[in-house]
Amino acid sequence: MTTIEIAVRLYNNPKFGTTYGKGQYHNAIMNGTVDLHKQSIKYLIDLVPHANWEASIKTDNDMELLAYAEECYEQVGIKTEAQRKDLACSWIKRFDNNLLKPRVIGFALMNLNTGDFKLLVLDEDKDVKLQERLTVKSCRDASSGQRSPNLFASNYDLAA
């Protein structure tokens, strides 16, 4: 089985906790992308606190994904109910060239204390079946003025 080359870039969300309407809050702690290098596919993630993610469930498929995600919590160092406050989670959206952002089956989990990151993507339209565990590392600030990610994880050498 060939490994799918993945690069995860996460950016702090400066709008986190602010309102955009009466009683409406920006809940994403971090925004990010998951790039599949060789397939030229990009997925979008908005990491929100676990309680907000759990409250965003809308379908039976979401419930099934939550049940599977709960089985994965220990893989990212979440062993007790109390530790779930350290967990940020996201549903997955594909960023299409025509700027459509359809949601695909999957989720991202990140332990905010350790940087352990778990990704599951099942995208039938692009024939992607992916389950990966990565460790997210801090990035240095970009001195050139370009927007640089705050956190990064990859399973391949980007320079290659």
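# Contacts, cores and cysteines

Reader: What is phenylalanine 117 in contact with, leaving aside neighbours within four places in sequence?

Author: Val8, Ile45, Val76, Ala108, Leu109, Met110, Glu132, Arg133, Leu134 and Val136, where contact means heavy atoms within 4.5 Å. Mind you, this is a predicted model: local features need pLDDT of at least 70, side-chain atom pairs count only at pLDDT 80 or more, and totals for chains, interfaces and linings use all residues. Numbering starts from 1 along each chain as its sequence is written, and side-chain values use heavy atoms, with hydrogens and water left out.

Reader: What makes a set of residues a nonpolar core?

Author: They're buried Ala, Val, Leu, Ile, Met, Phe, Trp, Tyr and Cys residues, joined through side-chain atoms within 4.5 Å. The largest one here has 25 residues, and Phe117 is among those with the most contacts inside it. Its largest share, four residues, comes from strand β5 (strands are DSSP E runs of at least two residues, numbered from the N terminus). A second, separate core has 16 residues, including Cys72.

Reader: Why is cysteine 72 called buried?

Author: Its relative accessible area is 1%, and buried means under 20%, exposed over 50% and partly exposed in between (1.4 Å probe, protein chains only). So cysteine 72 counts as buried, whereas cysteine 139, at 27%, is partly exposed.
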